[in-house]
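Visitor: I am new to this structure and would like to learn how to read it. Please take me through it one feature at a time.

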Amino acid sequence: MYDILIVGAGIIGTGIARELSKYKLKVAILEKDTDVSNETTKANSAIVHGGYDAKEGSLMAKLNVLGNSLYEDLCNELSVPFKRNGSLVLAFNEEEAEHLKVLYNRGIINKVPGLSIIPQEKLRELEPNVDDKAIAALHCASAGIVSPWEFAEALIDNAVENGVDLFLNTTVKNIVKNNDVFDVYTDTGIFHTKYIFNCAGVHADLIHNMIAPESFKILPRKGEYFVLDKNQGKRVNQTVFQCPSKLGKGILVTPTVHGNLLVGPDAQDIDNRYDVSTATDRLEYIKFKGSHSIKDINFRENIRTFAGIRAESDRGDFIVEESSVKGFFDIAGIKSPGLSAAPAITLAAIDLLKNSGANLTLKDDFITPRKHTLFMHLSAEEKAKKIAEDDRFGRMICRCEMITEGEIVEAIHRPVKATTMDAVKRRCRPGSGRCQGGFCGPRVQEIIARELNKDIKDVILDKANSYILTEELKK
């Protein structure tokens, strides 16, 4: 019997799990995939928004601004890369310049710090590569960039260190409430719990409808992106937006925390919650719109395209509430700025639990997060010491990202083990560079097999059954 069960291990589910691990509770988190952070959390813009977009008085506005303010300390604590690089919304004509004033005034009401409308001259000083036709911009100094999947993985590692049980490859099939206990039926067995947090992302309405009358719908919205090589990463210093439309914030151009350039996303309403395909016509549209903001982006330096799905709800705001079934909480419709608001959503979830009558007592022995080795960030003396302690840090496996064998082994043996190629990639980046694993991939596969004592043919890429090797062609 669990006190609390969380469905979904994205940025919200892992954040709530980590916060709950500070209390004397028995907590479990169920995830249908092979790893955490494997859907929307791994495929988004990685932006920590300032908070001027969200409608005044909305839950989005409140939680975005609060969440933004929590990021720096939380990422430092968890050893997660974060940079407060600022953002710009460009205006290319007088009508858009007027809309900047709307965004500015909304931001002031939402209590967003560091907002100003800057003229063309100042814009050129901040971003020399902005298109010459831009006449003004809204500058938000408090905006930032982060690595969402590394954030979620650090959260769940710390949660598991503090006693949370994680069940991967576990799909919820039905939920029944008997008296004060929920019976959660999955494809791996039945779980019993007093409370449930529904953090199932694009599947949240389906989970809700298993136990409660329908009260919202998730409308999947797909967005496609380009990831460009690091030689394009300095085209901009800040995150550059165009004026938003009814479908979202438009095509952005932004540096990433690891030095690449990200361009996207478009916005497509779709029916298939699993459709993360990309299409040539959509990518051409993104190239055209991105080049409208920033001059001379060399899309020939593209190293990857990808798509993610946003959990747009028919309510138009975040859903953070206890459902009509007592003890069942919906944390749903967490579209942009969901990543920005995530730390605040976590705290709001704890308040829901308290208001529902749960008895929460803080632990005296909460374990603080582990520090991860970032070998290339060490000084020469620190590198020499690390290699003397463990010579695997002296063997470079990923030449693009300069990742050592020691870091890969550490990633595999974190509290939540990395058992797939992409799980290792998300934790310490081998395969994220220019060659996309062409050089290091086979070696990483060998290391995973060795460290987990598995047949190398059983080491998969990411999703279940995504086999890389199937049989020997010749001995």
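Guide: Start with one residue and its surroundings. Leaving aside neighbours within four places in sequence, Val 146 is in contact (heavy atoms within 4.5 Å) with Ala 46, Val 48, Tyr 71, Cys 75, Val 80, Pro 81, Phe 82, Val 257 and Leu 339. This is a predicted model, in which local features need pLDDT of at least 70, side-chain atom pairs count only at pLDDT 80 or more, and totals for chains, interfaces and linings use all residues. Residues are numbered from 1 along each chain as its sequence is written, and side-chain values use heavy atoms, with hydrogens and water left out.

Visitor: Does Val 146 count as buried or exposed?

Guide: Buried means under 20% relative accessible area, exposed over 50%, and partly exposed in between, with a 1.4 Å probe and protein chains only. Val 146 counts as buried because its relative accessibility is 3%.

Visitor: In which strand is Val 146?

Guide: Helices (H or I, at least four residues) and strands (E, at least two) are DSSP runs, numbered from the N terminus. Val 146 lies in strand β8.

Visitor: In what order do the strands of the open sheet come?

Guide: Two strands pair if DSSP finds at least two bridges between them. Here 3 strands form an open sheet, ordered β3-β8-β4, with antiparallel pairing. At the edges are β3 (47-48) and β4 (82-83), each of which pairs on one side only. Strand β8 (residues 144-146) is joined to β3 over 2 bridges in the antiparallel sense. Opposite Ile 47 stands Ile 145 of β8.

Visitor: At what angle do helices α2 and α5 pack?

Guide: Axes are lines fitted to C-alpha atoms, for helices over the stretch in contact, and angles run from 0 to 180 degrees between N-to-C directions. Helix α2 (residues 59-78) packs against helix α5 (residues 148-161) at about 60 degrees, and their axes are 10 Å apart. The contact involves Tyr 71, Leu 74 and Leu 78 from α2, and Phe 151, Ala 154, Leu 155 and Asn 158 from α5.

Visitor: How is an aromatic pair described?

Guide: A pair of aromatic rings is described by the distance of the centres and the angle of the planes. Rings of Phe, Tyr and Trp (its six-membered ring) pair if their centres lie within 6.5 Å; planes under 30 degrees apart count as stacked, over 60 as edge-to-face and the rest as tilted. By this rule there are 9 aromatic pairs. Tyr 71 and Phe 82 make a stacked one, at 5.6 Å centre to centre with 25 degrees between the planes. This pair links distant parts of the chain, with Tyr 71 in helix α2 and Phe 82 in strand β4, 11 residues apart. Tyr 71 and Phe 82 are both buried. Ring pairs also link Tyr 71, Phe 82 and Phe 151 into a cluster.

Visitor: How many residues of helix α1 are buried?

Guide: Of the 10 residues of helix α1 (residues 11-20), 10 are buried, so α1 is largely enclosed by the rest of the structure. Among them are Arg 18 and Glu 19.

Visitor: What covers the buried residues of helix α10?

Guide: In α10 (residues 405-412), 7 of the 8 residues are buried, so this helix too is largely enclosed by the rest of the structure. The cover includes β21 (396-398), β22 (403-404), α11 (421-428) and α12 (441-452).
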